[in-house]
Amino acid sequence: MNLILLSALLTVLHSFAVGKPVQVATRNNEADTVLYESDIVLRRQKRSAMNCDCFWPKSQDGLVKIPVNVSSDFSVTERAWIVEAMQEFNTLTCVQFVNRTTESSYIKVVPGQNCWSFFGKIGGAQTVALMKNGCMSKGAIQHELNHALGFIHEQSRSDRDNYVRIMWEYIMAGERENFGKVNSNNLGLPYDYFSVMHYGAYAFSNTSGKATIIPIPDPSVPIGQRYGLSNLDVAKINKIYNCNRCSSVLPNVNGTFSSANYPSPYPDNSNCLWLIRIPQNKVFLQFQEFGLQSSPDCASDYVRIYDGSSRNARVLLDKYCGVAPLPALVASGHMMLIEFIFLKVVFFELEDIDECRYDYLVIHNGSQPTSPAVGPYCGTMKIPEFTSTENFVLVEFHSDIVWVFHGFMINYTFVTPS
């Protein structure tokens, strides 16, 4: 069956705040390195946005694991803000910021007199500096982390003149270098006015009320938000790091979203996330239509909804499937995460005997034979897709000494919780 349509009706503030990047010195004593575009430390030579050999490597499990050490000089509250900013990457992309243990190459997040980051992976301990009274919003933290991933400012793109006009006459003396343009690889993705990597309209302005960056053709388009990763920020990370992720960010006042291929059936082996994030107030979600394959305890296809931006948040609706109507949901805050999972047994054929007494398969939700189980399955039964709630799945297969059949093949996917 098909996940038909989900409709998000949002109550929000009707405009984005226009974020202004913190102005930093062009010299940093700790790094003893010139800052490019006010907050980027370049090693060796200037590199183009999304066009370098400085990306973090991918592990065999398909994740890009980046060890991080957050300085104890941050308060408990500040550390929580930093972790929350990282969790959004962990949830929506294959980039996973993990606690550093003994790794020699890692990011160290420290308080700074200004806000800056090295560009891409440089090897060894590399700094991301966050000014306590200027860079502690989620989007500002993510801005510097994106530099560490190998991304330069959005308005530095090679095609930026098609989308914004730089008002050179209103730029502060000595700050024109912050508005340079590079020969970038734009990944075939649209220009993103809403990126956390975009300057605000009044960045480095020498005259109150005079913008230094004006969107074209519509000058009223807001730019420079710092609420969190935009949908295109996520798309760029997933594309440059070759992440096999189905993730979307929905920041609008209201809108709708649906399963892949709607109104046709959704594809096999889907694992999709939609993050609804608005500047303030509460998220209201109403399902217009809903239809998923039914299975015991919704072990195969299901939707789960979280009261926040990661899987660590409180669950508002847990593993819902079938065709029954869903209640309207209201988040406690301005974010809601919707998760859709579908996994599949590829092939199954065992000896077919009543009650599966001889050859059979049992799947346990845990690591022990005593863990809760589904099954037994035998013959050519259709096995519901199964998702564990634990870190382990134990698959038991039993056969006797006679009657040999083709057996089975099962695809499995490991998803690291954020």
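The model is a predicted one, in which local features need pLDDT of at least 70 and side-chain atom pairs count only at pLDDT 80 or more, while totals for chains, interfaces and linings use all residues. Residues are numbered from 1 along each chain as its sequence is written, and side-chain values use heavy atoms, with hydrogens and water left out.

The protein chain holds three helices and 24 strands, taken as DSSP runs numbered from the N terminus (helices H or I, at least four residues; strands E, at least two). Of its 418 residues, 52% are buried, where buried means under 20% relative accessible area, exposed over 50% and partly exposed in between, using a 1.4 Å probe and protein chains only. Take the contacts (heavy atoms within 4.5 Å) between residues at least 6 apart in sequence: 75% of them join residues at least 24 apart.

On to the helices. The axes of α1 (residues 76-92) and α2 (residues 138-149) come within 9 Å of each other and cross at roughly 55°. Axes here are lines fitted to C-alpha atoms over the stretch in contact, with angles running from 0 to 180 degrees between N-to-C directions. On the α1 side, W81, I82, E84, A85, M86, E88 and F89 make the contact, and α2 brings K138, I141, Q142, L145, N146 and L149.

Helix α3 (residues 231-240) has L232, D233, V234, K236, I237 and N238 buried. Its buried residues pack against α1, α2, β6 (95-99) and β12 (246-250). After α3 comes N242, with a positive phi near 55°.

Two residues stand in the loop between β10 (164-166) and β11 (213-215), one of them H198 and the other N206. H198 counts as buried because its relative accessibility is 0%. Its neighbours, leaving aside residues up to four places away in sequence, include E154, V164, D192, I213 and R226.

N206, at 39% relative accessibility, counts as partly exposed. The N206 side chain reaches the backbone oxygen of I171 at 3.3 Å.

Key:
Polar contact = N/O pair within 3.5 Å; in protein donor to acceptor, adjacent residues only side chain to side chain.
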